[in-house]
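The stops below proceed from the whole chain to individual selections.

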Amino acid sequence: HGICFISGAAGVLVGHPFDTVKVRLQVQNVEKPLYRGTFHCFQSIIKQESAFGLYKGIGSPMMGLTFINALVFGVQGNTLRALGKDTPLNQFLAGSAAGAIQCVICCPMELAKTRMQLQGTGEYKLKTKNYKNSLDCLIKIYQKEGLRGINRGMVSTFIRETPSFGFYFLTYDCMTRYLGCEAEDSYVIPKLLFSGGMSGIVSWLSTYPMDVIKSRLQADGVGGVTQYKGILDCVRKSYHEEGWRVFTRGLTSTLLRAFPVNAATFATVTVFLMYMKSEDNLPECEPGPVIHQPSSL
């Protein structure tokens with residue numbers, strides 16, 4: 001678990017600023033937009049809120065990292081074994097099962113992350129600080145709205161994560177087979193990096209519009225005003241106000257992050273497992289990805 005945590009933590013540190021930009025772009029008001037695009041958003045946050053502004057809400061993915069890794073690997077490995085044959089379809093099904101089950105941790109974690117990322121938008125020094133940190137955020141939401149409050153966006157998270165993780169594991173499996181990633185291959189590292197990066201991109205593209213809806217539902221009510229009654233209402237209103245482009249909001253930032261972060265994470269874990277196998281310390285372990293930020297893949 002140590003190597004999973006280290007590579008996962010590195011992934012969060014590298015990827016979190018891109019995630020903050022993604023969330024800000026996804027939920028900004030179309031009539032009074034603060035940001036013109038990905039790079040303008042980066043510049044504005046650094047200028048208005050300092051570089052630390054990009055790391056708002058990072059405590060949440062860091063807290064959930066170990067639990068999510070353990071859950072995802074455990075469920076994916078056991079499901080694959082239960083299905084019997086290691087086929088592409090079974091890889092997809094095992095990944096989907098892992099994605100579905102980790103929503104229990106992922107949804108509250110992302111709610112806290114989103115609320116923290118939106119706190120003090122455009123302020124260098126926070127005038128009103130609703131939440132001290134991610135844990136404080138979840139406690140306050142629970143006190144005010146109960147279990148339903150901390151599970152806000154659960155259905156949209158489930159709809160996003162289930163196929164997304166399926167495509168994630170499937171793509172990695174297909175890419176490594178196609179490229180022939182063998183431990184003795186002198187080009188194994190670049191091949192693993194490429195396979196991991198592509199897996200991240202495919203998994204994001206497969207369900208990105210639902211991520212926009214999830215962010216909007218989790219950010220809803222931040223200023224005391226609730227706009228959406230549910231998923232369909234959010235889809236309808238968002239499309240009505242902004243057209244189909246609303247479902248690609250923040251995609252540039254997401255893809256810029258997805259390739260390098262997943263490439264590095266996949267390669268680190270797989271090489272470590274290959275090394276352990278060669279030392280005969282880990283006879284039964286299948287190399288696979290580490291999920292550093294649940295679908296902040």
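This is a predicted model: local features need pLDDT of at least 70, side-chain atom pairs count only at pLDDT 80 or more; totals for chains, interfaces and linings use all residues.

Of the 297 residues, 52% count as buried.

The chain contains 10 helices and 0 strands, so coloring by secondary structure will show the pattern α-α-α-α-α-α-α-α-α-α along the sequence. If contacts are displayed, consider those with a separation of 6 or more: residues 24 or more positions apart account for 74% of them.

Now select residues 188-219, helix α8, together with residues 231-242, helix α9. How do α8 and α9 lie to each other? Their axes come within 10 Å and cross at roughly 105°; the two helices are therefore roughly perpendicular. To view the contact itself, show the side chains of M210, I213, R216 and L217 on α8, and of I231, C234, V235, S238 and E242 on α9. By class, this contact comprises 6 nonpolar residues, 1 polar residue and 2 charged residues.

Finally, move to the loop between α2 (38-49) and α3 (59-83), and select S50. The phi angle of S50 is near 75°, a positive value in a residue other than glycine. Is S50 buried or exposed? The relative accessibility of S50 is 16%. Because the cut-off for buried is under 20%, S50 counts as buried.

Notes
Residues are numbered from 1 along each chain as its sequence is written. Side-chain values use heavy atoms; hydrogens and water are left out. Helices (H or I, at least four residues) and strands (E, at least two) are DSSP runs, numbered from the N terminus. Buried means under 20% relative accessible area, exposed over 50%, partly exposed in between (1.4 Å probe, protein chains only). Contact means heavy atoms within 4.5 Å. Axes are lines fitted to C-alpha atoms, for helices over the stretch in contact, and angles run from 0 to 180 degrees between N-to-C directions. Angles under 35 degrees count as roughly parallel, over 145 as roughly antiparallel, 65 to 115 as roughly perpendicular and the rest as oblique. Ala, Val, Leu, Ile, Met, Phe, Trp, Tyr, Cys and Pro count as nonpolar, Asp, Glu, Lys and Arg as charged, and the others, Gly among them, as polar.
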